[in-house]
Amino acid sequence: MKKEYTQFNMKMVVRLCLLLPAVLLLNSAALAAQGVTTGSISGVVVGPAQNPIAGATVTAVHQPSGTTYRATTRADGRFSIPGMRVGGPYRVSASQVGFGTQVRENVVVNLGVATDLEFRVQQVAVEVAGITVTGQRSAILSSERTGAATSVSREAITTLPTISGRLESVTRLTPQAGSGMSFAGQDNRLNNITVDGSTFNNSFGLGGQPGDRTGVAPISFAAIEQVQVNIAPFDVRQGNFVGASVNTVTRSGTNDFRGSLYHQFRNESYVGTRAGANEFNPGTFNFRNTGGWLSGPIVKNRLFFFLNYENDALTEPGTTFLANTGGQTVGGSVTRVRSASLDSLSNFLATRLGYETGGYQGYNHETPAVRFLGKLDLNVNDRNKLSLRYNHLDSNTDVLLSNSSSLGFGNRRTSTQALNFQNSNYQILENIRSVVGEWNAIIGGNMANNLILGYTFQDESRASRGAFFPFVDILEAGTTYTSFGFEPFTPNNELRYGTYQLQNNFSIYGEKHGLSFGVSAERFESENIFFSGAQSVYTYNSLADFYADANDYLARCTDPTSQTCLNRTSPVTLRRFQVRYSNIPGMEKPVQPLEVFFGGIYGQDEWQAHDNLKLTLGLRLDAPFFAETGFENPQVNDLSFRDENGNTVRYSTAKLPDANVLISPRVGFNLDVFGNRSTQLRGGSGVFTGRPAYVWISNQIGENGILTGFEELNNTRARPFNPDPNRYKPTSVTGAAAASYALAFTDPGFKFPQLWRNNIAVDQRLPLGLIGTAELLYDRDVNGVYYINANLREPNASFTGADTRPRWTTSNRINSNITSAVVLKNQNEGRSWNIAGSLERPFSNGMFVKAAYSYGEAKNTVDPGSIAFGSWNNNPHAGDPNNPGLGYAGASAGHRAFVTGSYRAEYFRFGATTISLFGEGRTIGNTSYTFSGDLNGDGGTSNDLIYIHRDLRR
């Protein structure tokens with residue numbers, strides 16, 4: 001195993017650097033730049049006859065902190081102030097010798113867009129008092145807005161209702177938002193989440209965002225200033241996503257000492273007990289959140305601090321499903337699983353085999369969490385601003401065992417068909433440490449630079465509730481009935497990863513053009529230990545079969561070393577047996593190291609083509625480089641496999657994807673139709689590139705036949721039950737290829753996900769302070785993701801009648817000792833579209849209202865999970881499993897409508913009451929009906945769609 005980057009990869013880095021000047025030459029001059037941590041003010045200063053005023057001084061003062069920014073108008077009277085602290089209010093003034101001063105009060109700077117201002121100054125013979133105009137601009141009607149985006153202000157974050165306190169409570173104000181932080185029909189792991197400009201993702205991909213593993217908020221809403229969701233930003237500085245770019249900026253201190261202490265709680269008294277005509281039992285739960293924040297100056301007008309601390313505790317039912325006491329109707333929370341059967345089974349395991357199962361109902365799960373955030377902001381001078389932020393999360397939670405069929409039979413809980421025991425559940429950590437520093441600089445009179453350096457470390461390791469013991473699924477009528485033992489995917493399940501980040505954006509401002517260019521670099525390192533199946537996994541067709549096998553063990557294995565015990569076969573036929581074992585001598589845990597460098601360069605021209613038309617033209621080049629951390633299995637190099645087209649192919653277990661340059665051209669436009677920012681037409685077209693979930697690549701490092709061996713036997717008597725988890729593992733290993741194993745490959749030419757996205761929209765200012773928006777999105781995959789099982793033989797038969805799908809009636813394996821060889825590949829079949837309309841009254845005079853409706857469809861060929869075989873096995877289809885065809889994506893949005901509002905009434909100069917609401921209706925997803933078991937003999941037990949005739953009478 002090597003960790004060095006290849007010589008070819010280093011050549012690619014050099015080539016990327018050499019391409020940068022060429023990118024810059026594509027653009028003729030400069031533009032007003034904006035980062036995703038800041039906002040900007042841009043506009044024009046004109047005289048009495050609308051003539052541009054050159055050389056005028058524009059000064060913006062952030063009134064709470066005294067932070068000051070200055071710019072000088074160019075020959076065309078235009079000015080730009082980039083890198084500004086978001087929020088406000090700002091006091092902005094324009095002045096020039098021989099002209100009066102005009103002042104605008106209560107100006108708000110919004111994250112990621114420009115606040116557009118126009119100053120009209122009068123020529124005077126002597127200095128007179130300035131003219132003051134009060135008002136602020138919306139983030140919606142901005143000259144720098146091109147694609148679909150939603151900005152959420154501090155006022156909205158503070159007042160809108162939330163139960164979870166998590167980011168989706170804010171991002172749901174985006175019309176194109178789906179469930180679980182998905183946007184526009186894309187997998188939520190393909191978003192790019194940043195906090196203060198630093199990457200803040202669940203980059204390994206076992207969750208969609210930080211906090212998903214334990215269900216907690218990694219950062220308190222009390223510490224957030226603004227959030228922006230960009231689905232189609234045609235600004236090339238925003239990259240590394242194909243779903244959405246979700247940018248968060250945390251709060252900063254001001255010249256006033258301010259703070260708050262708070263305590264929140266809820267319990268079962270606050271939730272409903274009916275779902276339609278059905279009774280619902282929420283169980284007994286308690287949640288409390290205690291916290292506070294403090295901010296203020298360290299040095300007035302120069303150095304500020306902000307601190308936030310919160311402590312959570314949640315106790316809730318582990319399951320609200322109940323065993324059947326006998327004769328009860330199955331439905332609601334009452335399962336078909338008989339309590340007498342579970343009581344007897346638990347007693348048998350404890351008294352005869354020494355294993356404690358724990359309860360099967362009425363037990364609690366706990367989720368404690370502590371979060372902290374600290375931030376320093378320094379105004380070095382009017383031209384240089386520095387900030388440093390650190391945030392910290394410690395959390396853990398109890399989790400029900402997996403429903404995955406990658407091991408065992410799956411579908412073990414949260415339905416009326418199955419009920420598991422508590423000690424088969426697990427616990428998981430989610431600990432995060434993140435630090436980021438930022439420098440915003442104004443250089444000369446027409447240049448600006450933004451530099452961000454960050455590091456984030458995450459620990460998502462697991463622990464089991466119970467003792468190390470074989471895991472057992474017991475079926476009844478062909479589906480899982482109950483489960484016990486050590487959770488299938490928890491043995492030595494440890495995951496720690498870190499991300500280093502650098503981003504630098506440089507801009508030069510001209511009269512009609514602007515040039516922005518920059519570089520981004522990320523280094524991702526993970527240490528994953530995934531030893532699923534190390535405890536041995538048994539699946540029995542009935543509870544009676546398990547008792548027969550276990551009693552046979554007890555009768556014949558009073559001495560576990562006797563030949564009578566060692567040579568026995570099971571008195572029953574097991575549905576399935578699986579075991580994984582370490583295959584390298586001396587390696588206690590099968591560590592899977594992954595190292596990735598992901599770099600990008602980009603250049604952009606923002607062209608003021610006309611007074612009311614702005615065009616954005618940009619090109620972004622990204623490239624990933626993988627360190628050589630794979631394990632070589634020489635045996636596999638000599639094996640032949642079969643691709644989805646029937647061609648013979650070969651793979652290497654050590655070969656990670658090649659380095660390749662990913663090209664993302666983009667063009668956007670913004671047209672102020674009538675020149676007064678009342679009607680805005682905008683849109684664009686471009687390619688967006690994002691990281692994959694790195695677990696998809698890490699699977700190859702773990703599934704190679706060298707690191708671990710894997711055995712799977714179906715419908716067998718050769719693996720009788722034994723309470724020793726290590727009974728069927730080899731007694732010695734040499735590091736050579738195991739006798740039987742599964743494989744996971746990544747196609748050498750695999751490219752990071754890319755999407756071609758198109759957007760057209762109109763924004764209209766309406767009476768009563770309302771703004772209406774109509775928006776259309778259309779996407780096509782450039783580099784989508786799908787999987788094949790390259791060890792699957794060509795089918796030798798087919799069904800007859802109306803359903804003629806292919807069938808395997810003899811062995812389905814090309815190489816008999818390979819249980820599966822799942823390959824991650826690219827294709828360009830996926831597509832999606834979304835249409836949305838919204839009506840919004842931005843926060844003003846204490847009131848905010850927004851309503852929206854959207855409808856969207858997304859189709860792909862697979863919704864990847866986190867395990868290679870599971871991604872292939874759990875992909876329903878009606879034909880060839882290696883050519884499944886398009887189907888609705890799991891994130892396909894369907895219909896969605898919401899309305900939200902907030903009103904704040906202040907009284908007696910010291911208090912206020914806020915009333916807020918949020919109501920939503922949505923399509924909850926699509927459903928596939930599959931056969932239980934392996935209908936067509938392809939080796940997949942969860943992928944065979946049921947044939948339903950279009951005419952239900954037939």
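Select E527 and R496. These two side chains form a salt bridge (a side-chain nitrogen of Lys or Arg within 4 Å of a carboxyl oxygen of Asp or Glu), and their closest N and O atoms are 3.8 Å apart. E527 sits in strand 31 (residues 514-529) and R496 in strand 30 (residues 494-509), so the pair ties together parts that are 31 residues apart in sequence. Strands here are DSSP runs (E, at least two residues), numbered from the N terminus.

Salt bridges that share partners join D459, E494, R496, E527 and K589 into one network.

Check the surface next. E527 is partly exposed, with a relative accessible area of 38%. R496 is partly exposed too, at 27%. The cut-offs are these: buried is under 20% relative accessible area, exposed is over 50%, and partly exposed lies in between (1.4 Å probe, protein chains only).

A word on the model: it is predicted, local features need pLDDT of at least 70, side-chain atom pairs count only at pLDDT 80 or more, and totals for chains, interfaces and linings use all residues. Residues are numbered from 1 along each chain as its sequence is written, and side-chain values use heavy atoms, with hydrogens and water left out.

Go to R70 and D382. Their side chains meet in a salt bridge of 2.1 Å, N to O. R70 lies in strand 3 (residues 67-72), and D382 lies in the loop between strand 21 (364-379) and strand 22 (384-399), so this pair ties together parts 312 residues apart in sequence. R70 is partly exposed at 46%. D382 is partly exposed at 34%.

Next, pick D611 and R78. This salt bridge spans 3.9 Å, N to O. D611 is in the loop between strand 34 (591-610) and strand 35 (613-626), while R78 is in strand 4 (residues 78-84), so parts 533 residues apart in sequence are tied together. Which partner is buried? R78 counts as buried, at 19% relative accessibility. D611 counts as exposed, at 57%. The structure holds 44 salt bridges.

Last stop: a nonpolar surface patch. Patch residues have over 30% relative accessible area and no salt bridge; like charges are joined within 9 Å, and nonpolar side chains (Val, Leu, Ile, Met, Phe, Trp, Tyr) within 5 Å. Select V673, F674, L681, W756, I760, V762, L776, Y778, V782, W833 and I835, which make a patch of about 900 Å². Strand 42 (754-765), strand 43 (771-789) and strand 47 (831-844) each give two or more residues. Zoom in on W756, in strand 42. W756 counts as partly exposed, at 37%.

Notes
Helix = DSSP H or I, 4+ residues; strand = E, 2+ residues; numbered from the N terminus. Areas by Shrake-Rupley, 256 points an atom, 1.4 Å probe, with all protein chains shown as cover.
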